[in-house]
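These are my notes from going through one model, entry by entry.

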Amino acid sequence: APLSTLTDVVRLRSSASIYAPLTVVQIANCSLWSVYGIAVGDVWIWGPNGLGLVLGFCQAGLLFTFPSHGPEESIAILQDFPPSHSHRRKGNFASSD
């Protein structure tokens, strides 16, 4: 879910968690449905899709503002920052307890 990682993108200054092709398809899809909803005058079509379009452009803006780093640099960045979500498990996942 791209929107659930927006805080991590800003905090880590890396858009590695946003899948660019999905963002492009979201913008295209929401654009077409918004135009159709406006053409037929149906707020229940253009309203949610207009919101999705705005959020898609926000994701695209983050992709350009915080370009993705290579895998090695992303791992180094992640090791320097604690997880921002409290539901994530803390500690080493590779431990042999």
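**Entry 1: helix α3**

I looked up which residues of α3 are buried, and the list reads I45, N49, G52, L53, G56, Q59, A60, L62 and L63. I keep in mind throughout that this is a predicted model. Asking next what covers these buried residues of α3, I found that the cover includes α1 (6–12) and α2 (20–40).

I then checked the extent of the helix: α3 runs over residues 43–65, which is 23 residues, and spans 32 Å from its first C-alpha to its last, close to the 33 Å expected at 1.5 Å a residue. At the start of α3 I noted a side-chain oxygen of D42 that comes to within 3.0 Å of the backbone nitrogen of W44.

**Entry 2: the chain as a whole**

I stepped back to the overall layout and recorded four helices and zero strands, in the order α-α-α-α along the sequence. The chain has 97 residues, of which buried residues make up 25%. For the accessible surface I have about 6900 Å², with 68% of it belonging to carbon and sulfur atoms. Looking at contacts between residues at least 6 apart in sequence, I found that 72% of them join residues at least 24 apart.

**Entry 3: a nonpolar patch**

Which residues form the nonpolar patch on the surface? I find I38, V43, W44 and W46, which together have about 500 Å² of accessible area. Helix α3 gives the largest share of this patch, three residues, whereas I38 has its place in helix α2. I looked up I38 separately and noted that it is exposed, at a relative accessible area of 59%; because patch members must have over 30% relative accessible area, I38 at 59% passes that cut-off.

R13 is exposed, with a relative accessible area of 51%; I note that the cut-off for exposed is over 50%.

I went on to S68, which lies in the loop between α3 and α4 (71–80) and which counts as partly exposed at 45% relative accessibility. What does S68 touch, not counting residues up to four places away in sequence? I recorded S14, S15 and A16 as its partners. For S68 and S15, which are 53 residues apart along the chain, I have a separation of 4.8 Å between the C-alpha atoms.

**Entry 4: the salt bridge**

How many salt bridges does the structure hold? I count one, formed by R11 with D8, whose closest N and O atoms are 3.1 Å apart. Both R11 and D8 lie in helix α1, and they are three residues apart, about one turn of the helix. An α-helix has 3.6 residues a turn, so residues three or four places apart point the same way.

Technical notes:
Residues are numbered from 1 along each chain as its sequence is written. This is a predicted model: local features need pLDDT of at least 70, side-chain atom pairs count only at pLDDT 80 or more; totals for chains, interfaces and linings use all residues. Side-chain values use heavy atoms; hydrogens and water are left out. Helices (H or I, at least four residues) and strands (E, at least two) are DSSP runs, numbered from the N terminus. Buried means under 20% relative accessible area, exposed over 50%, partly exposed in between (1.4 Å probe, protein chains only). Contact means heavy atoms within 4.5 Å. Accessible areas come from the Shrake-Rupley method with a 1.4 Å probe; for residues, only the protein chains shown count as cover. The expected span of a helix is 1.5 Å times one less than its number of residues. A polar contact is a pair of N or O atoms within 3.5 Å; within protein, one must be able to donate a hydrogen and the other to accept it, and residues adjacent in sequence count only if both atoms are side-chain atoms. Patches are made of residues with over 30% relative accessible area and no salt bridge: like charges are joined within 9 Å, nonpolar side chains (Val, Leu, Ile, Met, Phe, Trp, Tyr) within 5 Å. A salt bridge is a side-chain nitrogen of Lys or Arg within 4 Å of a carboxyl oxygen of Asp or Glu.
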